[in-house]
Amino acid sequence: MTIPFLNLTAQYETIKDEIATALQEVISNTSFAGGPQVKRFEENFASFCQCDHAIGVGSGTDALWMALIGLDIGKGDEVITSPGTFIATAEAISFCGATPVFVDIDEQTYNIDPSLIEAAITPKTKAIIPVHLFGQTADVDPILDIARRHNLVVIEDACQAHNAEYKGRPAGSLGDAGCFSFYPGKNLGAYGEAGAVITNNQELADKMRMFRDHGQRKKYYHAIIGWNTRMDGFQGAVLDVKLPHLPAWTDARRSRAKLYNELLTEIPEITIPLEADYAKHVYHVYAIRTKNRDELIKDLSEQGITCGIHYPVPLHLQEAYQFLGYNQGDFPIAEKCAQEFVSLPMFPELEEESIQYVAEKIKEAVKKA
Ligand SMILES: *Cc1c(COP(=O)(O)O)cnc(C)c1O
């Protein structure tokens, strides 16, 4: 049996005709950069996230960068985030001239541990970026409370958390701004690169709309120095087709995660993901933990099962961030998890019998070791 980590074709087959019609419309309108399809998606996505504004951009990385710039984060500022994330979170901080300051994660949820944040705050701290890793939100209320007391802004990295909830509220809508990626493999994926920022702050929304379009409000009249990171018209069209399907795809991921959990829960060598009582987890990544990670991945690969690792090296130990001066041992939980994570195949169309097969092969591999 061959079980891929991800299968984007299976989903395409279910929406083929809708996609063809939507792409044809972009071609007929020649609305290739921004345009009515992007605008329609922005309106629908904002309302889906119960937010006033959504601003479509070129990628999730750009969304994070633009939110930081829009909130006046820059040179000399410090931004607190998790070392257990994709590098884009820290890159966006670096590329607006600020310095990432890492805080260790919680061992149950793999998200930033709110109880450790205050110790990392200095007079230079301007923002906190909680990352909703794997599709489960961080514990946002204590983070918002700390931010309020220290006059900091909160930007959610919701790039893995489309349709996730915190105490019944949509991920991304909880702080000053929420950033999403629509990279093809994300839970809401475009057919190319795309991202968005959502916010209830009108002034911030106006600024980001200008910034993504060369700082212009009116063509060739530039109020600020901006950039070009408009959302591509084809991507807006694809995303607008896919958005109404997202709740069903989320349910499918959750039921697949539940089945994995049931099948794997009895294995003492395996730690299954925990859904916190405040969260609706959307399982962008279904990650288990085990001590013999590399061996397990090799054994599963020999049985036709492709796994992933998200992520093998925490950011404070990445070569690119050596200049920050962190050392091995600074964030023990993030380091331990990075050595133990294994991401299992997970997508809405994954067959039940495939999950049973994966679980069976995990049991065999663990027994052998
Ligand atoms: C995917 C991702 C990003 C970056 O999004 P891109 O669209 O690939 O630029 C940022 N943060 C996290 C946590 C991500 O998973």
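User: Leaving aside its neighbours within four places in sequence, with which residues is Gly 233 in contact?

Analyst: Contact means heavy atoms within 4.5 Å. By that rule, and with neighbours within four places in sequence left aside, Gly 233 is in contact with Val 26, Ser 31, Phe 32, Ala 33, Gly 34, Gln 37 and Val 38. Please note that this is a predicted model, in which local features need pLDDT of at least 70 and side-chain atom pairs count only at pLDDT 80 or more, while totals for chains, interfaces and linings use all residues. Residues are numbered from 1 along each chain as its sequence is written, and side-chain values use heavy atoms, with hydrogens and water left out.

User: Where does Gly 233 lie, and is Gly 233 buried or exposed?

Analyst: Helices (DSSP runs of H or I, at least four residues) and strands (runs of E, at least two) are numbered from the N terminus. Gly 233 belongs to helix 7, residues 233-242. Buried means under 20% relative accessible area, exposed over 50%, and partly exposed in between, with a 1.4 Å probe and protein chains only. Gly 233 has a relative accessible area of 0%, so it is buried. Its C-alpha atom is separated by 25 Å from that of Asn 201, 32 residues apart along the chain.

User: How is the packing of two helices described?

Analyst: Two packed helices are described by the angle between their axes and the distance between the axes. Axes are lines fitted to C-alpha atoms, for helices over the stretch in contact, and angles run from 0 to 180 degrees between N-to-C directions. Here the axes of helix 3 (residues 60-70) and helix 4 (residues 88-95) come within 8 Å and cross at roughly 40 degrees. Helix 3 is therefore oblique to helix 4. Angles under 35 degrees count as roughly parallel, over 145 as roughly antiparallel, 65 to 115 as roughly perpendicular, and the rest as oblique.

User: Which residues meet where helix 3 and helix 4 pack?

Analyst: From helix 3, Thr 61, Leu 64, Trp 65 and Leu 68 meet Ala 88, Thr 89, Glu 91, Ala 92, Ile 93 and Phe 95 of helix 4. The residues of this contact divide into seven nonpolar, two polar and one charged. Ala, Val, Leu, Ile, Met, Phe, Trp, Tyr, Cys and Pro count as nonpolar, Asp, Glu, Lys and Arg as charged, and the others, Gly among them, as polar.

User: At what angle do the axes of helix 3 and helix 6 cross?

Analyst: The axes of helix 3 and helix 6 (residues 202-211) cross at roughly 125 degrees and come within 9 Å. Helix 3 is therefore oblique to helix 6. In this contact, Trp 65, Met 66, Ala 67, Ile 69 and Gly 70 of helix 3 meet Leu 204, Lys 207, Met 208 and Phe 211 of helix 6. These residues divide into seven nonpolar, one polar and one charged.

User: How many disulfides does the structure hold?

Analyst: A disulfide is a covalent bond between the sulfur atoms of two cysteines. In the model, the term requires a pair of cysteine sulfur atoms within 2.5 Å. The structure holds zero disulfides. Cys 49 is in none, and the nearest cysteine sulfur, that of Cys 51, is 6.6 Å away. Cys 49 counts as buried because its relative accessibility is 4%. For Cys 159, the closest cysteine sulfur, in Cys 179, is 6.5 Å away, too far for a bond. Cys 159 also counts as buried, at 7% relative accessibility.
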